[in-house]
Each structure stands twice: as structure tokens, then as C-alpha cells.
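Please look through the model shown here.

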Amino acid sequence: FNTIQQKINYPVDIYETENGLKFELAVVGIDKEEINISVEGDTLRIQYENTTENTEKTYLQKGIARRSFNLAWKVASKFDLTKLDAKLDKGLLIIDIPTSANQAIKTIKIK
């Protein structure tokens with residue numbers, strides 16, 4: 001897989017498991033209804049738009065980043081984006097993408 005942006009400035013872990021690919025994004029304080037996950041071809045996109053204005057608050061310390069994000073990755077064809085599963089658990093958005101079933105080794109006969 002490749003990220004569409006060269007440097008991602010958002011806390012995300014991506015790793016391969018024995019069953020596929022796993023994404024974990026830190027989304028503390030964001031409701032699941034506010035996060036948009038979309039798939040277009042081989043591209044996985046995860047978006048959140050922060051629409052709240054915090055101008056009425058005077059912070060003594062502001063450490064929780066509830067900033068908007070629009071992240072996208074091109075995912076290799078060995079993973080099946082049509083069967084991805086997403087859940088929110090303890091402030092982490094966890095996305096599991098299984099390995100594609102049709103990844104058997106294909107032998108080509110030369111004519």
C-alpha cells in the first residue's frame with residue numbers, strides 16, 4: 001500500500017497481520033457518526049471535519065487534538081477493500097482489511 005500524501009501528520013498505526021491489513025487511528029473525543037470511511041477502487045479514505053468552534057473557551061492547556069483530517073491510502077490488490085470492517089474501541093478507530101481470497105498463485109503457460 002502507499003499513502004497518497006507523503007507524510008501523514010496524524011496518529012495512525014498500519015500493520016499487516018496473518019489475516020490482512022490493520023489500521024488504527026487515534027480519534028479520542030470524536031463520535032463514530034462524524035467519521036467518514038470510503039473506498040474508491042484501490043483507495044481507502046478516512047475523513048473527519050471538525051465543525052465545532054472553541055472560541056468561547058479559554059484553555060489553560062490544550063493537548064487533545066480534535067483537528068480535521070482527510071487521509072487516503074492506495075491499498076495493494078492482495079487485500080479486499082470490499083470486505084473491510086471498522087469499529088471504534090477506547091478512542092481508536094480500528095479498520096481490518098482481509099487478504100483477498102483470490103490471491104492463489106497463478107501459473108502462466110507460455111504459448
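Which residues does Ile 97 touch, not counting residues up to four places away in sequence? They are Asn 19, Gly 20, Leu 21, Phe 23, Leu 44, Phe 79, Asp 80, Leu 81 and Leu 84. Contact here means heavy atoms within 4.5 Å.

This is a predicted model: local features need pLDDT of at least 70, side-chain atom pairs count only at pLDDT 80 or more, and totals for chains, interfaces and linings use all residues. Residues are numbered from 1 along each chain as its sequence is written, and side-chain values use heavy atoms, with hydrogens and water left out.

**Core**

Ile 97 is also one of the residues with the most contacts inside the largest nonpolar core. That core has 19 residues. Phe 23, Leu 25, Val 27, Leu 44, Ile 46 and Phe 69 share this listing with Ile 97. A nonpolar core is a set of buried Ala, Val, Leu, Ile, Met, Phe, Trp, Tyr and Cys residues joined through side-chain atoms within 4.5 Å. Buried means under 20% relative accessible area, exposed over 50%, and partly exposed in between (1.4 Å probe, protein chains only). Strands β3 (20–26), β5, β6 and β8 (92–98) each supply at least two residues of the core. Strands are DSSP runs of E with at least two residues, numbered from the N terminus.

**Strand pairing**

Two strands pair if DSSP finds at least two bridges between them. An open sheet is formed by 4 strands in the order β2-β3-β8-β7, with antiparallel pairing. Its edge strands are β2 and β7, each pairing on one side only. Between β2 and β3 there are 5 bridges. Val 12 has Leu 25 in β3 as its bridge partner.

Strands β4 and β5 run antiparallel and are joined by 6 bridges. Here Ile 35 is bridged to Tyr 48 in β5. The two strands form a hairpin with 2 residues between them. Gly 41 in the turn has a positive phi of about 65 degrees. Strand β5 is also joined to β6 by 6 bridges, again antiparallel. Gln 47 finds its partner, Asn 70, in β6.

Another positive phi, about 55 degrees, belongs to Lys 90, which is not a glycine. Lys 90 sits in the loop between β7 and β8. Lys 90 is exposed, at 81% relative accessibility.

**Aromatic rings**

The structure holds 3 aromatic pairs. Rings of Phe, Tyr and Trp (its six-membered ring) pair if their centres lie within 6.5 Å; planes under 30 degrees apart count as stacked, over 60 as edge-to-face and the rest as tilted. Tyr 10 and Phe 69 make a tilted pair, 4.5 Å centre to centre with 45 degrees between the planes. Tyr 10 lies in the loop between β1 (2–3) and β2, and Phe 69 in strand β6, so the pair ties together parts 59 residues apart in sequence. Both residues are buried.

The rings of Tyr 48 and Phe 69 are also tilted, with centres 5.8 Å apart and planes at 40 degrees. This pair spans 21 residues, from strand β5 to strand β6. Tyr 48 is buried, with a relative accessible area of 6%. Ring pairs link Tyr 10, Tyr 48 and Phe 69 into a cluster.

**Salt bridges**

The structure holds 4 salt bridges. A salt bridge is a side-chain nitrogen of Lys or Arg within 4 Å of a carboxyl oxygen of Asp or Glu. The table includes some of them.

| Pair | Closest N and O atoms |
|---|---|
| Glu 16 and Lys 78 | 2.9 Å |
| Lys 74 and Asp 42 | 3.6 Å |
| Asp 80 and Lys 83 | 3.9 Å |

Lys 74 is partly exposed, at 40% relative accessible area. Asp 42 is partly exposed too, at 37%. Lys 78 counts as partly exposed at 33%.

Lys 83 lies in the loop between β6 and β7. Leaving aside neighbours within four places in sequence, Lys 83 is in contact with Asp 96 and Pro 98. Lys 83 and Asp 96 are 13 residues apart in sequence and 8.7 Å apart in space, C-alpha to C-alpha.
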